[in-house]
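Me: I've got a structure I'd like to get to know through its aromatic rings. Can you take me through it?
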Amino acid sequence: MLNVKVLGSGCANCKRLEQAMQRVANAIGVAIEVEKVTDYAEIMKWDVLQTPGLVVNGKLVAAGRILSDEEIAWLLKPAL
Amino acid sequence: MNPLPTSSLRPTHRTETRAFALVALLAIAWVAAYSAILPLAEWLTYDVLRLAHGSRLGESVAFFLYDLPKILLLLSGMIFVIAVIQSFFSPERTRAVLSGKREGVGNVLAAALGVLTPFCSCSAVPLFIGFVRAGIPLGVTFSFLTAAPLVNEVALVMLFGTFGWQVAALYAFTGVTIAVISGIVIGKTRPERFVEPFVFQIGASGTKTIQSPDAQPTWSERFATAWQTTREIVGKVWPFIVVGIGIGAGIHGFVPQDALAGILGREAWWSVPAGVLLGVPLYSNAAGIVPVAQALVSKGAALGAVLAFMMAVVGLSLPEMIILRRVLKPRLLATFVAVVAAGIIFTGYLFNWVLR
């Protein structure tokens, strides 16, 4: 089970990223647990300057953009 | 803007060459389409629709059929180029450049980077906190936060397309100047007192692990991002443009010359502050305002009032203020709004004075 955190105040891009993560995970058969982090004090622990931030297993992997499906699949692959 | 270390997906030399070839091909198609607009619009209006030269309806239709494809093409092409340029700038690099800079030089640099660094208003709070924690003075941070929305790339392209490069350049220059001066003025008021305390209390990051932020994207990645940005922006603003040009076309054909000189003209001193007051509560799109402005100006309205309105719409938007309220106490927020509004009003008068 991969733990995925989407960091963001709940803007449209955060929701789109969250949906994309879930969709790709389902498609390639990886179990993920998506957590939404909306508290700024919590978000800033990762020192992101742009939302949405994406944390996979405690590691910040991207900020400020929505990853492509290929990139998400690449990120989730180690858990297969 | 942080590319993943996708070493396995890294494009080869061949895909890079192919990306350049594709962009070159698109550029050629763009130039061909752009030069075909005028003859096509006239042919459609006067030969296909058989409208008379110089008639009201003919003027309106010809204007619409010429302006709409022209603006859409300009917007797509220029936003793509701007997005490629922006791929060289990221908030992380901007912060690295600004940290350690003193006020003054820092304000100028911050305002310039505010224009070039891509960022969406929903990231205003993390940017603010991130800058403050890096030790960047508040005044410098405000210069950055003001310049970014004030010099809006869509507005810039629209102004360039409808009023020419002088107006576009003056818009960019005054926007940066307002941002520099606002930041310096705010920096002088010891603004730290009016920042919500939690901003300073957030602990240092021990978990920051984003991989190799220095890794530069390849050209094919820059083009891909720019293409995505272009599609997103044009996809969002085209309805505003259609409506704006539609209204503009109507004004062009049906409002008599000099009809507006009295109400919106240079002589009406109050038109500039009125434009700003009208602009603040409106969260509209610069894209729709410029074509209407062009039509109004051709009928005798002053450009300054219209531009002040547009700058207020993009630079002092209510949603952005609500977002910033999370980190700023009301008094600092009010100072920010007042200083920027004063700058915009000044710009309005400047435009009326310069562009006579």
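This is a predicted model: local features need pLDDT of at least 70, side-chain atom pairs count only at pLDDT 80 or more; totals for chains, interfaces and linings use all residues.

Reply: Residues are numbered from 1 along each chain as its sequence is written, chains are lettered from A and ligands numbered from 1 in the order in which they are written, and side-chain values use heavy atoms, leaving out hydrogens and water.

Me: How many aromatic pairs are there over all chains?
Reply: Rings of Phe, Tyr and Trp (its six-membered ring) pair if their centres lie within 6.5 Å; planes under 30 degrees apart count as stacked, over 60 as edge-to-face and the rest as tilted. Searching the whole structure turns up nine.

Me: What kind of pair do Trp30(B) and Tyr34(B) form?
Reply: Their centres are 5.1 Å apart, with 10° between the planes. That makes the pair stacked.

Me: And which kind do Phe88(B) and Trp219(B) form?
Reply: Here the centres are 5.7 Å apart. The planes sit at 65°, so this pair is edge-to-face.

Me: How many residues apart are Phe88(B) and Trp219(B)?
Reply: Phe88(B) is in the loop between α2 (56–86) and α3 (91–98) of chain B, while Trp219(B) is in helix α10 (residues 219–254). Helices here are DSSP runs (H or I, at least four residues), numbered from the N terminus. The pair links distant parts of the chain, 131 residues apart.

Me: Which residue has its charged end over the ring of Phe88(B)?
Reply: A charge sits over a ring if NZ of Lys or CZ of Arg is within 6 Å of the ring centre and within 35 degrees of the ring normal. The charged end here is 3.7 Å from the centre of the Phe88(B) ring. It belongs to Arg222(B).

Notes. Helices (H or I, at least four residues) and strands (E, at least two) are DSSP runs, numbered from the N terminus.
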